[in-house]
Structures are given as structure tokens and as C-alpha cells.
Amino acid sequence: MKKFISIVLSACLICTFFTACSSLSADMTEENITATVDTAMTALKDFDSDALDTYVDSSTLSVIIGYAEKHDQFAKLGRAIFENLTYEITSIDTDAATVTLSVKNKDLSSVASEFAENLKSSYSTIALLGKLSDENFLDESLGTLCDSIDSVEMSDSSVEIMLTVTQEDDHLVLGFDDEAENEVSGGALDAIKSIYS
């Protein structure tokens, strides 16, 4: 019996050791940057607001995450936008604290532009802000947008984006500028901004 307990305890210690070794840290190494990119991209595809808050610095995504935490329709929209996103790390520069990715998504600029134009023609900006807490409106409008996104074909080409990497207390954070935000969204963010600028 003592031998069995020793084996079980040894197995637990080994599992704990490997779990600790595979966890993310704030060290600016290629391995940690790669792991952070993988974690952040999975969080985008799942639209995991907690992980996005932790590993991604993006002004536009922060706003969407805020709504997604209050309204599940925005979380569903986030998953629809990013579920087909693919990426490949093309270079890591630990000295400059940057990582370059080749990303590809559906070309969502047309559906996003059409969606934004329809909203702008139907509601003033103030009226639209009031609608953001109307569950029926969100179900219908964002549900329609998700259906439109679902029918779009995947883009033929990938684009390169560069993300900054910053160190927090116990992990790394990827910084997305406006261009990177737009490219991972398949052009949806620029399309909407152009209508409401």
C-alpha cells in the first residue's frame, strides 16, 4: 500500500512540475511569446473575454468585450468574426519586443459595411446607443449579421501584422494597433468605422 501511495504522489508531483513549466510567464522569450500568441488567438476564436482582457491590449476589442460581458449576442458576434481566423508566426524579435504574424480570415468588409449602413439609415447615433441594451434588437440585428458572416467565403490571401509584446507581472500581453485589429477582423472594423466616422 505504501508503494502505491508513493507512486501516486510521484505522479502528482511530476504532473505539477510539467504544468508549472508549460504555464505562461512574463519572460521575454520566444517560447513565451509563442505560447502567448497561441493563447490570445484561441481566446479570439472562442471570444473568451477573461483571456482577452489578460493577454490582449486592443482599444476596439476592449469596447466589444465590455458589451459581450453584458450581452451574449456580442460574444456570439465575436465568435462569428474570429472563428475562421488562421495565423502563423513568421518572426519573433525579443529585443524589439514584437511578433509578426501572417493572418487570414473571411473578407468581412462588405457584410460589415452593409450592416453599418443599414443601422445608420434606420437610427440616429443616440437612438442606436439606446438600442444596445434592447435584447430583442440585439437578437435580431446581431443574429442577422452573424448569419451574413457565416455565408462569406474565406479570403484567398493572408496579410502580415506586427504586434507589440509587453511584460505584465506574470505574463506577456500582445498589443494590437488599428491595422492589426482590422486585419484579424477580416476588414470588418475599418468598414464599420468608415460608416460611422
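In this model, E181 and K193 join their side chains in a salt bridge, with N and O 3.9 Å apart (a salt bridge being a side-chain nitrogen of Lys or Arg within 4 Å of a carboxyl oxygen of Asp or Glu). The pair links distant parts of the chain, as E181 lies in helix 9 (residues 178-184) and K193 in helix 10 (residues 188-196), 12 residues apart. The model is predicted, so local features need pLDDT of at least 70 and side-chain atom pairs count only at pLDDT 80 or more, while totals for chains, interfaces and linings use all residues. Residues are numbered from 1 along each chain as its sequence is written, and side-chain values use heavy atoms, leaving out hydrogens and water.

**Confidence and overall make-up**

- The protein chain has a mean pLDDT of 88, and 88% of its residues reach 70 or more; pLDDT is the predictor's confidence in each residue, from 0 to 100.
- Please take care with residues 1-22, where pLDDT stays under 50 and the model has zero contacts beyond four places in sequence (a contact means heavy atoms within 4.5 Å).
- Where pLDDT is low, the predicted coordinates should not be read in detail.
- You will find 10 helices and five strands in the protein chain; these are DSSP runs numbered from the N terminus, with helices being H or I of at least four residues and strands E of at least two.
- Of the chain's 197 residues, 39% count as buried, where buried means under 20% relative accessible area, exposed over 50%, and partly exposed in between (1.4 Å probe, protein chains only).
- Among contacts between residues at least 6 apart in sequence, 69% join residues at least 24 apart.

**Salt bridges**

- The count comes to five salt bridges.
- K76 forms a salt bridge with D72, their closest N and O atoms being 3.7 Å apart.
- Both K76 and D72 sit in helix 5 (residues 72-82), four residues apart, or about one turn of the helix.
- K76 is partly exposed at 48% relative accessibility, and D72 is partly exposed at 43%.
- D134 and K131 also meet in a salt bridge, at 3.7 Å from N to O; D134 is partly exposed at 27% relative accessibility, and K131 is partly exposed at 25%.

**Helix 2**

- Helix 2 (residues 30-46) has 17 residues and reaches 24 Å from its first C-alpha to its last, close to the 24 Å expected at 1.5 Å a residue; the expected span is 1.5 Å times one less than the number of residues.
- Its buried residues are N32, I33, T36, V37, A40, M41, A43 and L44.
- These cover an arc of only 160° around the axis, which puts them on the same side of helix 2; the arc is that of the directions from the helix axis to the C-beta atoms.
- After helix 2 comes F47, with a positive phi near 45°.

**Helix 8**

- The buried residues of helix 8 (residues 135-150) are F137, L138, S141, L142, L145, C146 and I149.
- Seen down the axis, the buried residues of helix 8 fall within an arc of 140°, so they line one face of the helix.
- N136, E140, D147 and D150 are exposed on the other side of helix 8.
- The buried residues of helix 8 pack against helix 5, helix 6 (109-122) and helix 7 (125-131).
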